[in-house]
Amino acid sequence: MDSQTPHGGQVFRLARRLNRPASQILDFSANINPLGPPSSMREALTSAFDTIRHYPDSTHHDTKAILARQVDCDPEAILIGNGAAELIDMVIRYQNPHRVIVLDPAFGEYRAAAKRNRVPVVSVPLHQESFETPWHDILSIAQPGDLVIWNNPHNPSGRCFSRHTVDASIKALTERGIFLMIDESFIDFVSDREDVSLLSLATSPGSLVTVVRSLTKYYAIPGLRCGYAVADPDWIRRVEALRDGWSVNQLAQVAAHVGLLDHEFAERTARWLSESQSQIETLWTASPQYIRYRSSVNFFLLRWIHEKTSRQLSASLEAEGILVRRADDFIGLGPGYWRLAIRTLDENVRLYRTVQALLPNLDDPP
Ligand SMILES: Cc1ncc(COP(=O)(O)O)c(C=O)c1O
């Protein structure tokens, strides 16, 4: 992670500023499942405490075995990382592409990782408002040896595209020797993930497609960290010979095992998200003050028509210990955008009501 790249989830920073414990900050800025971490994980981590006297399993044997069964691929096609962020860095470092093609607006770590690895970045804008991918432009810009990073479901928009709409474009890219990293970090929140995921393209020997996924959002363990990539087994063998074998700590591995097998948690999460998505539609109805964007996952975009409203509101919310992610710094979004996490039903109402109470007290927009 690049400490200079803006991210949501700066809970400790705000807690220090307000002189409050971090537990009193209500964080809508990081897209973390509010039902987690699962209680099964708490118990398992407590019992596993003494195992931290050993070095972590650098082969990630058990984690790979569980994942291989779940995603239906060979364990050798799986690479475990200290969060998706480490895997994004590893893909760029070890595929060593000529250029990285980033589709903006995009998660900041793509650029940060390219910069760290001294790989030039080419920015291609997504279609405004719809956030659809301009495959035609990508096909005319990308050269053999380049790496295209495609994020589905997409952060920051929350849009999600069916695999069938992109199959042909991806085939055309890889046939020309262009690498593709598909970041599916939010896929577990999607109800019809079979229709969305392109994981099956990554498992075949010699594939130029790598799929990266995160466990930190869904299981609410960003402070513990774990993620995985699915890719060509030969490439993974080469990477594993070069990487830091202890970057995924022992407790993170235990947490992953328990989380992945907790079906009750998955069912509760699906119920919560479906209810909360409907609630967001009802709360944030059409307004002359903002535009709310449609989302398929656990966060959504909002655009305040007046940038001044966005600035003043976010500052007032912070003073009350509520953190939102102003998204103006994403290339291609511009002023007034917020990316809001979906939290529990009560917390979503609290955010909405606090915003409504603050709005009449703001200075008039220009
Ligand atoms: C699209 C996307 N990919 C990857 C990550 C990194 O996830 P992790 O916490 O697993 O490193 C994030 C984190 O916000 C993200 O938004």
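## Ligand shell

By class, the residues around the ligand comprise 4 nonpolar, 7 polar and 1 charged. In this predicted model, the surrounding positions include Gly-83, Ala-84, Ala-85 and Phe-107, together with Asn-151, Asn-155 and Asp-183. Ser-185, Ser-214, Thr-216, Pro-222 and Gly-227 also belong to the shell.

## Domain arrangement

The domain assignment divides the chain into domain 1, which is made of 11-30 and 264-361, and domain 2, which spans 52-261. Their C-alpha centres are 27 Å apart. The contact between them draws 17 residues from domain 1 and 16 residues from domain 2.

On the side of domain 1 that touches domain 2, helix H10 (263-283) and S10 are the elements that give two or more residues. S10 supplies the largest share, with 3 residues. By class, this side of domain 1 consists of 12 nonpolar, 4 polar and 1 charged residues.

## The seven-stranded sheet

An open sheet of 7 strands has the order S2-S8-S7-S6-S5-S3-S4, and its pairing is mixed. Strand S2 (78-81) and strand S4 (121-125) each have a single partner strand, so one side of each edge strand is left without a neighbour in the sheet. From one strand to the next, the twist averages 25 degrees.

Strand S3 (residues 100-104) runs parallel to S4, and 5 bridges join the two. Within this pair, Val-102 stands opposite Ser-123 in S4. Helix H3 (residues 61-71) packs on the sheet, where it touches S2 and strand S8 (227-230), and its direction makes about 125 degrees with that of S2. Helix H4 (residues 84-95) lies across S2, S3, strand S5 (147-151), strand S6 (179-183), strand S7 (209-214) and S8. Relative to S7, helix H4 runs at about 160 degrees.

S9 and S10 run antiparallel and are joined by 3 bridges, with Tyr-290 opposite Trp-304 in S10; a hairpin links the two strands through 6 residues. S10 and S13 are likewise antiparallel, joined by 5 bridges, and Leu-302 has Trp-338 in S13 as its bridge partner. S12 pairs with strand S13 (residues 337-341) in the antiparallel sense over 2 bridges, and Arg-325 stands opposite Arg-339 in S13.

S10 is mostly covered, as 6 of its 6 residues are buried. In a regular strand, side chains alternate between the two faces of the sheet. In S10, Phe-299, Leu-301 and Arg-303 point one way, whereas Phe-300, Leu-302 and Trp-304 point the other way, and all are buried.

Several of the features described above meet in this strand. S10 is bridged to S9 and to S13, and S10 also contributes 3 residues to the side of domain 1 that touches domain 2.

Key. Residues are numbered from 1 along each chain as its sequence is written. This is a predicted model: local features need pLDDT of at least 70, side-chain atom pairs count only at pLDDT 80 or more; totals for chains, interfaces and linings use all residues. A residue is near a molecule or strand if its C-beta atom, placed from the backbone, lies within 6 Å of it. Ala, Val, Leu, Ile, Met, Phe, Trp, Tyr, Cys and Pro count as nonpolar, Asp, Glu, Lys and Arg as charged, and the others, Gly among them, as polar. Two strands pair if DSSP finds at least two bridges between them. Helices (H or I, at least four residues) and strands (E, at least two) are DSSP runs, numbered from the N terminus. Axes are lines fitted to C-alpha atoms, for helices over the stretch in contact, and angles run from 0 to 180 degrees between N-to-C directions. Two residues are in contact if their C-beta atoms, placed from the backbone, lie within 7 Å. Domain bounds come from an automatic or database domain assignment. A residue is buried if 20 or more other C-beta atoms lie within 10 Å of its own, exposed if 12 or fewer, and partly exposed in between; C-beta atoms are placed from the backbone.
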